[in-house]
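I opened the model today and kept notes as I went.

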Amino acid sequence: MKVENQTELFLVSSSPHTHIGSSVERIMLDVLIALAPAFAASLYFFGVDALRLTATCVATCLLAEWLCRKAMGRTNTISDLSAIVTGVLLAFNLPPSLPTWMAAAGSLFAITICKQIFGGIGYNVFNPALAARAFMLISFTGAMTVWSNSGWIASVGASTVDATTVATPLGVVKEALKAGAAMPNFTGAAVMQLFTGKINGCIGETSALALLLGAAYLLWRKVITWHIPGAYIGTVFIYASILHLVAPEASVPPQIHLLSGGLILGACFMATDMVTSPVTRKGMLIFGVGCGIITMLIRTVKSGAYPEGVSFAILLMNAITPLINRGCRNKVFGTKS
Amino acid sequence: MEYLLLVISAVFVNNFVLSRFLGICPVLGVSKKISTATGMCGAVIFVMTVASAVTWGLQKYLLEPFGLDKFLQTLSFILVIASLVQLIDIVMKRFAPPLHAALGIFLPLITTNCAVLGVAVINMKEGFGFFKSTLFGFAAALGFSLALIIFTGLREKIDRAAPPRCFKGVAIALVTAGLLSLAFMGFNGLVK
Amino acid sequence: MQTIKSPYNFKGGIHPAYHKELASGSAIQGLPLPATLSVPMSQHLGAPAKPCVKAGDEVKKGTLIGAQAGFISAPVHAPVAGKVNAIAEVLTASGRPCQAVVIERVESDETDFMQPMTNWQSRSKDELLARISEAGIVGMGGAGFPTKIKLSPPMDKPIDTLILNGAECEPYLTSDHRMMVEHAREIRLGAEIARSILGAKTLRIAIEDNKPDAIAAVEKAFEGVAGDVALTVLRTSYPHGSEKQQIYAVTGREVPRGGLPMDTGCVVENVSTAFAISEAVVKGIPLIQRVITVTGDAVQNPANLMAPFGTSYQSLIDACGGFRGGRPAKVISGGPMMGFAVSSLATPTGKTASGVLLLSPGRVSQYTSQACISCGRCVDACPMRLIPSELSQFVEADDIEGAEGIALMDCIECGSCAFVCPAHRPLVQHMRRGKACIMAQRAAAKAKRD
Amino acid sequence: MDNIILEALLWIGLIGLISGIALAVAAKYLAVKEDPRIAAINDLLPGANCGGCGYAGCADYARAIAEGQAEINLCTPGGLACMSNIAAYLGVAATAAKKKSALVLCCGDNDKSKKRFAYNGISDCAAAHATAGGDKSCTWGCLGYGSCARVCPVDAITIENGLARVNKELCIACGKCVAICPRRIIKMVPVAANIHVLCSSPDKGPLVKQACSTGCIGCRLCVKFGDEGAFVMDGFLAKVDYSIPVTKEEVIEKCPSKCIQRN
């Protein structure tokens, strides 16, 4: 549609003729900037593996995007940076020891099946990175749940858990509870460890501190609003607090829920994905609350197959986003009350 | 509690459409408009609940006493369900013509909706009693409706999407259904 | 008279860069008139006027050249003295072809005005309305709705509030601003005339707070007006000049969906229209010229010019020292938010054109055919609380019925959505297309019924 | 063994009988009077239930036809034969009785009628037309944004260099393009006719020349040299009277602006 105007003709379009100056590229760039602290943290905690996975995912996503657009005979969109964002987010959701080819396969799935088949950015119905993670979790269950030992288990004194089993914090708890053991003892130091990120987990999700820094940047740049992360984290907090108050021995304290299992990453960076979340403020709140409830359901029902559940919760809410949008339209100006 | 878990299981965990992959055809067929989809949901909930009850009676009082359940189950169930749907079709045409018009060809198609036969067969396999069978039929239909309505919402969005030409229409709808069923895997194991 | 801060803030709206400083300090001035003027017969909403002169006729300044042609229509008068060259077809600023009377100007002081109405207070309401109609006065804020009709609401819609619109929320434009600074007394007179016609108890003057000198001038001029009169200072936000948002900001009343401002007991008149009313009633001068702001970063000396209708944009630009930095990329009639981009500098001015905006290539952003990324910024910006993203996608998919179902017809085309859209989607154009389809369907259905 | 088979048959038969009776009773007492034409039209449709017509299956489409809500030419699988059968049954004129096809009455592509301005907006003719009157110099000519091509159910219209062209082999004369063209320059013409005046501008010669190098300037040469009555003037625009067959093809050469063309 853009006109290359070398001639002396005036440009004519429908109004308005001025623009605030924002662009999709700028939004994506802001997201990347916001992800930078978390990337730094992942390099610090996981070293070369973080770099290997992130580079693999980004490169594969870019390549897949380029190839898809080429094959469909459409204008190339790799310059809008959305493929890079997908690649980084997917990499952040992978365990450090994952083989490179699996990361590449997941990235390919994210871009081709979850995004470009629908026509590219804006048309996809599920967050590509999350859908790809769910796909990998089911296809490569073993490799997707192998974690390196960061000493967190020892620090909470979960002695009942087999010392060779290396799991994420919530995984530890779930295994312990399934085995009928007592709730591990969460010391202040253990919580602090969760906050800074020295724990087992996917490479980008561990450091709550770095992620919150990024989220603050996004809020400041007005790329996201507080509604989705606020409602999501708030719901998880309230739900976990109630459980903890009712049965302190059998449930994880709320602060552990908030700081682990990729909740911050999911709430601030994945649930806020514009394409797959509602457009009105009311819809965003419902979306966030829904994500929170489903996350907690998956986490706390003992027989559940997954200890964490952020990705599935967001995916499920992605699925009903069109329905939320339909039900949460604003009251039009002049509607009789 | 047991009944509640049964319902939750049938609606979310072992969703008929997204987990057992039954009844895909009406989901693809009537997911273009939310109004038609809700009508279809109503019809399916009604048919599946009634069919569960009727087939339970058929099994309990006819097939089992006469030792026919081993080989006549499928045949007789289909026969009963088919006539039941026809009956509903006639009744609906008489008393709810707009709904009948909205459902169009898809009402007779419930006859061949494998979810209906599926729920009857699962009921017998699990050895549910009358109440449990009926409840399971109802819950399974709820699960079907949930999937159908979610899918309709998505469908309205993907119908406006711009897939490559070869993926337009049902193809992209099936891809979406696949991804949706991937998302539903999150409920795995919540209820045994 | 008191000055109050607007007690109500409408939801949504945007804060574009205003660039008013380019022309706001420049006093209203005349311009060297061109040799010929093409006066369009359609400078208002409704049926175009019917030319009532022919080639070769001599006209004086103020001679009727186009007769009112229907209920919603307005007459057109000769803005200068001269000889009618031809009745030709021109493209108006909005791009629609219409008939125009081409006048070859002669230097002459002869006028053909109406009788001044000294002591207008003693005149009847009908006399005053007839004068306003005869003078060809239409809303000068942009829509061009005949003022006479606006000032004669049906009996069952009593008007209690007259709002003078001096918000001028469009970026760049300063014509109303200068009118208020330099002609506040005449505006007051016009407002009093309109108020007495309407029998409105309350009078409000709405001005955005980015025009302190206009506020001061209006405060001074309206000193001593009797009754419930106040100056409402609006916070600067686009689109405060839109009737619906302004009525809300001033009175807290919402114009009902599908309704008109008079349903809330309000009538909104632009300050320039009030000026035109006072000129027509007190001096007998029909509406033949207006202040037009020539501005933008691609014009040498931005200015506010008092230009007779039919002056070509080329003459206006010449009077402002020509282009700055080469040919502009876009020439806009009106402001950047709701104005029309024109294709030629031969476009003549008219009653509704409050500005000519010239933008250099660097200031112009282009629309693209990118997909909506559902960021929801348009939803936050929409002052009508619609969902522009969804509306545009419905229209794009030719689901006009679906778009109508989610209030497409409530769109006021203010452009806030497209202004903030990071995907640079031509949202307003989608809305216009959808609305045009619905209007066509309705017209067809009506034709079928009749 | 025999016994069991017999028993099974008996029971199935019995269930069938009961269901059948129940249905028969229901059908009798709960029957809804229906327009007999619906069933008849349904029989004429192919019964593929493909939904290509936009209705939920053939029966629904048949009902829509009987109620006069739908055109009879929407069935793709049934094609022409199906349409003429329905037309015969309903006693309406089959649209294909005298075969027509759509024709774009303009031959001014982007090289012949230059742009007045650079249009930046949605690719839709009505939208382009509403933006400053359309970007083509000729305000009567084809805008070339392809609204007709998009609405064509059989992909018979292509856009070449800013000009729509109808492939008359493919055209089914549904009239959708005629209705959607904002400039009203697509007309239905007999398929048999093969010489046309491809211009719609009623303007005087000099104005046309300014706007387009191939517009009809109203020189009347075609009227003079063509067959008696085959070309008629409508103001400054020549038109073809399709009731008169054209034999003198030299008019194509005679036309100074080359807007009389074979198609």
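Helices (H or I, at least four residues) and strands (E, at least two) are DSSP runs, numbered from the N terminus.

The model is predicted: local features need pLDDT of at least 70, side-chain atom pairs count only at pLDDT 80 or more, and totals for chains, interfaces and linings use all residues. Residues are numbered from 1 along each chain as its sequence is written, and chains are lettered from A and ligands numbered from 1 in the order in which they are written.

**Helix pair**

I looked up α3(A) against helix α4 (residues 100-113) of chain A. Their axes lie 10 Å apart, at an angle of about 135°. That makes α3(A) oblique to α4(A), because angles under 35 degrees count as roughly parallel, over 145 as roughly antiparallel, 65 to 115 as roughly perpendicular and the rest as oblique. I then listed the contact (C-beta atoms, placed from the backbone, within 7 Å). From α3(A) come A:Ala83, A:Thr86, A:Gly87, A:Leu90 and A:Ala91. From α4(A) come A:Ala103, A:Gly106, A:Ser107, A:Ala110 and A:Ile111. By class I find six nonpolar, four polar and no charged residues. Here Ala, Val, Leu, Ile, Met, Phe, Trp, Tyr, Cys and Pro count as nonpolar, Asp, Glu, Lys and Arg as charged, and the others, Gly among them, as polar.

**Domains of chain A**

Chain A splits into domain 1 (25-144) and domain 2 (152-327); the bounds come from an automatic or database domain assignment. Their centres, taken over C-alpha atoms, are 21 Å apart. I find 35 residues of domain 1 in contact with 29 residues of domain 2. On the domain 1 side, α1 (24-46), α2 (48-72), α3 (82-92) and α5 (128-139) each supply at least two residues. α1(A) gives the most, with 14 residues. That side divides into 27 nonpolar, five polar and three charged residues.

**Chain A against chain C**

Here 37 residues of chain A are in contact with 56 residues of chain C. On the chain A side, β1 (11-12) and α1 are the elements that give two or more residues. I note 16 nonpolar, 16 polar and five charged residues on that side.

**Hairpin in chain D**

Strands β3 (residues 157-160) and β4 (residues 163-166) of chain D run antiparallel, joined by four bridges; pairing requires that DSSP finds at least two bridges. D:Thr158 stands opposite D:Arg165 in β4(D). Two residues lie between the strands, and D:Asn161 takes a positive phi near 50°.

Key:
Two residues are in contact if their C-beta atoms, placed from the backbone, lie within 7 Å. Axes are lines fitted to C-alpha atoms, for helices over the stretch in contact, and angles run from 0 to 180 degrees between N-to-C directions.
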